[in-house]
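Student: I have a model open and want to go through how its parts pack. Can you take my questions as they come?

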Amino acid sequence: MTAPITTAGVPPAGAVFPKKSYLNDGTTIRSWLLTHDHKRIALLYLVAVLIALFLGGVFAMVIRLELLTPGPTIVEALTYNRMFTLHGLIMIFMFMIPAIPAVFGNFFLPIMLGAKDVAFPKWNLTSWYVYIAGSTLMLWGLITGGADTGWTFYTPYSTTTTTNITPVMLGVFIIGFSSILTGLNFIVTIHTLRAPGVTWFRMPLFVWAVYATSIIQVLATPVLGLTTLLVAAEHTFGFGFFDPARGGDPILFQHLFWFYSHPAVYIMVLPAMGVISEVICAVARKNIFGYKMIAMSSLGIAFVGFFAWGHHLFTSGQSAFDAGAFAAISMLVGVFTAIKVFNWVGTLYKGAIAFTAPFAYICGFLFFLVFGGMTGVALATVSLDVHWQDTYFVVAHFHFIMVGAVIMGFLAALHYWFPKMFGRKYPENWGLLAAGLIVLGFNATFIPQFLLGNAGMPRRYYEYPERFAALNVASTAGASLLAFGFIIIAIYLAISLKYGEVAGRNPWGSRGYEWDVPSPPPTENFDAVPVFTRGPHEYQDVPEELAKVGHAI
Amino acid sequence: MNEIMRRLLFLPEQASTFAHDVDNLHYFVITVTMVSSLAVGLTAIAFFWKYRRRHENQATPFVAPTALFEVLAISVPLFFFLVWFAIGFRDFVKLSSPPPEAMDVYVQGKQWMWKFAYPEGPNSIGVLHVPANRPVRLLITSRDVIHSVFIPAFRVKMDALPGRYTEIWFTATKPGRYQILCTEYCGAQHSKMWGEVVVMAPEAFDEWIKEQQRGLVSRQDVLADETGQVTPQGSLAQWGLQVAVRQGCLRCHNVDTKEPATGPSWVDLYQQQIKLTDGREIVADEAYLTESMMEPTVKVVAGYQELMPNYQGKLSGAEAAAIVEFIKSLRSDRTVQAVGGEE
């Protein structure tokens, strides 16, 4: 019962919306909340992470508005401290970490492997409920307990604060399980459910990236869980793990925390890199330049990322030898990232590039990744970090990577796969306009923050000396532009869901495996076990469906 | 050139010997970053223009990287990163190795102020006086949560950890006033935990410290801590002796002879190479002496038993500093003089 699948035979124009798809296979709320379909679970995640993005964005705007003037502006010091804690925790644990793997990974990983679903569909649904439970507990704790520790929970401040951080720590602990379950599920799926023809080195690069991400999730998250429990226990029962006044060691916390939280950066950025590898092939209609280099550098980043955590502790009294060792290892992450950048640019060579919204996001992504990455290597250059540590330079650097690169990846994925997920196109002109606003807005927000860091403005400052005022105003202005861009996207995507032009199976002419199924896909993805006779990034011959039109090259 | 780059990058003025080293590396790093990003960006734009899609059904040739490309893609960034690292690490080692002749100042952070204490006696809140062109070492601790001493104009920063001493040093080059900021989030008033370094001409500083010593009686409440305890007049070392007597340190540690008692003698202990029970050899510096008060069983000197009680929570940061300073004053050539201060 195997049927070879090709991209031939689908009418390019006048496409009709399929009568049956995963979207209308059961229309009750119950059919959504109890679904085992990876595509529906992906949409459940999509709704949840978009709510998180909205909340985190609102708190970010409160922060930026407060910093518009050197003195108190719209909120009090305590409220401000809670705002950046909320912003950080929501954006990292509720948005960044699940955003790409749990939404697009869930939706496309099985299709890209030619599978009907992930290996453990019930676990998949469980992980969504665990995520919702953990997030709810964390948010409830943040709002009622008023935690003001920042997302880093540095001890002994976090263990001696009078605010109630225990539910927040437990919430983070629970969300961690969701991350572990998803990661494990993906690893097993990739190992066991590849269809005939999908060998390891014919897997789409997005799958490689999700694979590397899943390994980090499974190996690193338990350490975070352990650490949050220890902090909660110390705060509640007064055990002396981290507070020196009770015989503990505050630096031990920093080691444990960054052992997870540094690799966590790669949990966020690796899937975005995977998205870019997919999208750049489709928009340039070109095979990926250096497939193995890109695939292997994902694994390289995942591996090396585990041994770089000490670069967060250069000014914590760590020995000079340790600082040097961690710095040197951190440089390797930069090398792996550089390999990817060169290969993406190389992919454009002799391609056929279409300037669409996904391509605009690729440009933004490359810009933010190169600058974010290079400033990251600069920060790992030990003596320079002494000046930059805990200043706005660090804030700007990680926002370039986490907001710049990751959100560019997320938006590129959302636009590129929107027609596949919902069967309809978004308006390209509005897409380009919003992409332009967002790239511009990010730069206007965060480039002034690099300069603020150079000038010496520390992070987490409610009030600041007068001399930092001008750059802060510029940053806030940029943030407004950014918010505006997001609002435009929300509006046109919401309208396109119902009124967008019907996309047809493969509107991009992409050779990715996921475009071989109808848009939106049926519940089972494939009628029979598919056999893939080509790689996912091969564009040497004329795309079949367009070849019918009859132009010669 | 230096001035143009400094202003372009919004860097603060350069008021220490490190500032120049750090900024030069900064300029090098930012130049490499800009040039390489520009190269990548221009290549991408050129490709985008040259290889834009010309018709809807365009196919493309299969292109794969050559071995040379792969080698270059790895080795060129690695080379530059390692050069940055080599320079940065060299400077960092310098930053972590105070010269032996450096003048010491004890720094204590607490929510939300900085206290500075000089071994000669004077102390102050919020304002640190240092001489220009002489190396100054800051011995930093915290009384509550983690803080961080940051002097942007000097390009130095070091965390203040409760129960431990960390150190950093600098040589200020220009007399003037420079801001100190706290850079480790420490609660509601974190953004107001500011201080000031006053860099004075060396002669003016010597004059100032003499004057401070004369005026100590009227300023003795400055170091009062939560126990209401007041620094007695005189030097930090003299106060350290009184704390040591009160805490019973001298029941087990000799201070007038190098003979060991229940514990090692304090005479000549500072900067001595000592052997631990686990075979390691370490130097008895400020960090070790403080650790031995706070967690005595971690590093026990070879030949002694684990008898010493834990002073964590019993000694304030300032008291621990005073005892360290007292131990430092106990050199066999000066012993009589130091003990002579006892009532």
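Student: Which hand is the crossing of helix 14 of chain A and helix 15 of chain A?
Tutor: Left-handed: helix 14 of chain A passes helix 15 of chain A that way. A crossing counts as left-handed if the near helix is turned anticlockwise from the far one by less than a right angle, and as right-handed if clockwise. Helices here are DSSP runs of H or I with at least four residues, strands are runs of E with at least two, and both are numbered from the N terminus. This is a predicted model, where local features need pLDDT of at least 70, side-chain atom pairs count only at pLDDT 80 or more, and totals for chains, interfaces and linings use all residues. Residues are numbered from 1 along each chain as its sequence is written, with chains lettered from A and ligands numbered from 1 in the order in which they are written.

Student: What angle and axis distance do helix 14 and helix 15 of chain A have?
Tutor: About 155 degrees, with the axes 7 Å apart; helix 15 of chain A is residues 469-499. The axes are lines fitted to C-alpha atoms, for helices over the stretch in contact, and angles run from 0 to 180 degrees between N-to-C directions. Helix 14 of chain A and helix 15 of chain A are therefore roughly antiparallel. Angles over 145 degrees count as roughly antiparallel, under 35 as roughly parallel, 65 to 115 as roughly perpendicular, and the rest as oblique.

Student: How many nonpolar, polar and charged residues are in the contact of helix 14 with helix 15 of chain A?
Tutor: That contact has 21 nonpolar, eight polar and no charged residues. Nonpolar means Ala, Val, Leu, Ile, Met, Phe, Trp, Tyr, Cys and Pro; charged means Asp, Glu, Lys and Arg; the others, Gly among them, are polar.

Student: And helix 13 of chain A against helix 14 of chain A, at what angle do they cross?
Tutor: Roughly 170 degrees, with the axes of helix 13 (residues 392-422) and helix 14 of chain A coming within 8 Å. That makes helix 13 of chain A roughly antiparallel to helix 14 of chain A. The crossing of helix 13 and helix 14 of chain A is left-handed.

Student: Which residues of helix 13 and helix 14 of chain A make the contact?
Tutor: From helix 13 of chain A they include A:Phe393, A:His399, A:Phe400 and A:His415, and from helix 14 of chain A they include A:Gly431, A:Phe442, A:Phe446 and A:Gln449. Contact means that the C-beta atoms, placed from the backbone, lie within 7 Å. By class, this contact of helix 13 with helix 14 of chain A has eleven nonpolar, seven polar and no charged residues.

Student: Is helix 11 of chain A roughly parallel or antiparallel to helix 14 of chain A?
Tutor: The axes of helix 11 (residues 357-380) and helix 14 (residues 428-455) of chain A come within 8 Å and cross at roughly 15 degrees. That makes helix 11 of chain A roughly parallel to helix 14 of chain A. Helix 11 of chain A passes helix 14 of chain A in a right-handed crossing.

Student: Which residues meet there, between helix 11 and helix 14 of chain A?
Tutor: Among them are A:Ala360, A:Tyr361 and A:Phe368 in helix 11 of chain A, and A:Glu428, A:Gly431 and A:Phe442 in helix 14 of chain A. The contact of helix 11 with helix 14 of chain A divides into eight nonpolar, three polar and one charged.

Student: Switching to chain B. How many helices and strands does chain B have?
Tutor: Chain B has nine helices and twelve strands. Its radius of gyration is 27 Å, well over the 20 Å that the globule rule gives for 343 residues, so chain B is more spread out than a compact globule. The radius is taken over C-alpha atoms, and the rule is 2.2 Å times the number of residues to the power 0.38.

Conventions: Contact = placed C-beta atoms within 7 Å.
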